[in-house]
Every structure is written in structure tokens, then in C-alpha cells.
Amino acid sequence: MSLAGMDMDISFKYADEFGPFKVIQLYEPSLSLKAVLVVDNVAMGPSIGGIRMAPDVTIDECFRLARAMTFKNAAAGLPHGGGKAVICADPKMPKAEKQAVVRAFCQGLRNEESYIFAPDMGMDEECMAWIRDEVGRVVGLPRELGGIPLDELGATGWGLSHAVDVVAEQYGFPVKGARFVVQGFGAVGKHASRFLIDKGAVLVGVADSRGAIRDDNGLDVDALIELKAQGKSVTEYPDAKVISADDLIELECDLWIPAARPDVINEGNVQRLNARAVIQGANIPCTKEAEAYLHQQGILCLPDFIANAGGVICASMEYHGATQSAAFDAIGEKVRRNTEEVLNRIKTQSISPREAAIALAKERLQKAMVFRRYSLFSTAPHFL
């Protein structure tokens, strides 16, 4: 359902014991602003969840992402709940127009203390600086404003590289020489590629919104990053074979890393996947049906809120005044620990990766909810 088609019932379609606590719809006709905030659960603290800007973003996507953030924060042991905001707009609009939309959006939520603004797809550190100027309750700020710039430093990609270390160790193959494919060469994909290349892995395929390329001998990540910095597509990389984005899933590799939009691995293409493991760099990049198929085939699919938790861990550390080095140490420690825990549960309990990850998050979340007067949202102690 698009933002334009939102109705009353959608708020309760996803209702369960964990949320959502609150849904806010924003509309400002003078700016064509259409936006939604879903605060899923704040039992562990005020919610942190990025703002996603895209012309085709949906209400369902927002609900699913908010729940992913609830589980991600709980699994990582952060003092924050889960939330997500979406703005239905083209993130490539002229800067002045985008600034007006972003400022109006955060003004509409200026008193919503249950939500801490953060960057996601279509939003960057500059957008967070505009929000700081308006409301002050924000993470992912530019370095000049005392922030730890998540996208510039590659916090999510850093965490993902640690998840890969654990997966490789437990599944019996070295990271050095491992062949990997990245679908989406934005803030997550490019840094994940950079960190994995530093460990000796080989990037054999990559895609962005305009196409895909492959080179079985390995692609130069620095050259790809330079191309993107110039506003070009990865398809303009020299001496690589241009393929369709749909064909990227067929490339033989050890690790296939979705790092873009939701549901890119689905019932229609999952049988074409030719990888030993899927490491989810994006949020909700696989449908439930696709994850179930991969589990049946013995292909590990490490869930998003375990593999890509580096960004929100860094955001939380920034919000509480930590240094960059402390934040990156925490990312490595937490992502490794949770990846190990999930893999151990898969083996000992004979359950799927998603089931193992959700069980881990729910256990931690339920412990926090016990201490609340109202389990989802109250900040007061629970009185017996």
C-alpha cells in the first residue's frame, strides 16, 4: 500500500504483543510532503530508526522496517526501541526542495520524544544536520557537528565484515580468497566491499540502480567508489562484463550480499541463487518464502538485524557520547557475538536463521518489557 492509500486499519494489521505502539501520518500539501512514522516498541528506550526517502516507499515497508529495528536494537543490547520513518519523495530532487521537505517533516515530529531521527536510504549526514538545526534529537551527524558519520565511515559495512568472519570460520572456508557479490553499491555495499577486500576476499559482481557488472578475476573497489563519487554507474567500469541486475543472482560465489531495497531475493528468483551464504546488508532484502527455501537448501541466510546492526550500534554510541573508536569496537564485539549466537542456535535447535535471530531478540525484549507499567511504551517502572 502506498502512502496515498493509507487507511485506519493498516495500523492494526501488524499489531501483536510487541507493537506497534504508535503510528503518525504527516501531510503538508504546500510541499507535497507525505510521510509516516511507525514507533514499534520503546520498552528498552526511545526508538532509533532511520528515515527512508523514496518515491515508491510503502506503508507496509515502514511497518516491517520498524519491527526489524525493534529486533535489531534488542538483539544488540542497545537502550533503544525500534521505529522507522518514510518520506514519499525523490531523494534526488533539488537540494533546496529536499531541505524544505526534510525540515517540514522533522518539525511535524519535533515533540515526538519516542523517536530519535537517523539516516537511511535517500538521507545522509547533511540531512541529519538540517534536522539537528530544527529539533536536535538526531544521530548520524557530520563530523563537524560532533557526530560519527555512519555512511562516510561505513559502520554498517564494518559490522557486516565481522559477521562474515564468524560465518566463514563456522562454515569452514577462509575469508581470504572468498568470492562475493554485492547487490547495491551505496553506503552499505561500497564499505562492505572495501572491508572484505582488505581481508583478501574477491568482489566478482556488483550492481547499482542502473545495472550490474561481473569480472571473475575481481573488481577494483576503489575504482568503483570513484565512479560512484562522480555520479556514474558501476556499468561504466572498464574491462568488466555488463549484465542485467536480475542476472546478478546467478553468479557463482561464496557470499551474496543484498545491500539495497527490500525483497530483492524472492520466490521468483531465489532458485537461481548460486552462493554458499547470503549476508543481509540491507533491511528486509529477502521475503519469508525465499528465506525458507534457502534454509531448506542448506544455504545460510544471515538475517538483516544480525548482519547489518553496525549502523544502529554506531548511532546509539554517538547519541550517548562515545568516540568513533569505541563505537567501532562495540560494533565488532556485538555483531560477532550475535552472529555466533544465531549460528549456534541453528545447529543445536535445528531451526532457521530467522527463527534463531527472532528468538534471541524476543528474549532480550521481553525481559525489558517486564519492567514497564505498560509493556510497549511506558517509561515508568513496573509496579507490582
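# Exercises on a predicted model

Thr 156 is buried, with a relative accessible area of 16%, where buried means under 20%, exposed over 50% and partly exposed in between (1.4 Å probe, protein chains only). The model is predicted, so local features need pLDDT of at least 70 and side-chain atom pairs count only at pLDDT 80 or more, while totals for chains, interfaces and linings use all residues. Residues are numbered from 1 along each chain as its sequence is written, and side-chain values use heavy atoms, with hydrogens and water left out.

**Exercise 1.** Find the order of the 7-strand open sheet and its edges.

Step 1. The order is E9-E8-E7-E6-E10-E11-E12, with mixed pairing; two strands pair if DSSP finds at least two bridges between them.
Step 2. Strands E9 (241-243) and E12 (300-302) are at the edges; each has a single partner strand, so one side of each is left without a neighbour in the sheet.
Step 3. E9 pairs with strand E8 (residues 211-214) in the antiparallel sense over 3 bridges, and Val 242 in E9 is the bridge partner of Ile 213.

**Exercise 2.** Describe the burial and pairing of strand E5.

Step 1. Strand E5 (residues 115-119) is mostly covered, as 5 of its 5 residues are buried.
Step 2. In a regular strand the side chains alternate between the two faces of the sheet. From E5, Tyr 115, Phe 117 and Pro 119 point one way, Ile 116 and Ala 118 the other way.
Step 3. E5 runs parallel to strand E3 (residues 47-54), joined by 5 bridges; Gly 50 has Ala 118 in E5 as its bridge partner.

**Exercise 3.** Count the disulfides, then examine Cys 88.

Step 1. A disulfide is a pair of cysteine sulfur atoms within 2.5 Å. The count is 0 disulfides.
Step 2. For Cys 88, the nearest cysteine sulfur is that of Cys 62, 12 Å away.
Step 3. Cys 88 is partly exposed, at 22% relative accessibility.

How values were computed
Helix = DSSP H or I, 4+ residues; strand = E, 2+ residues; numbered from the N terminus.
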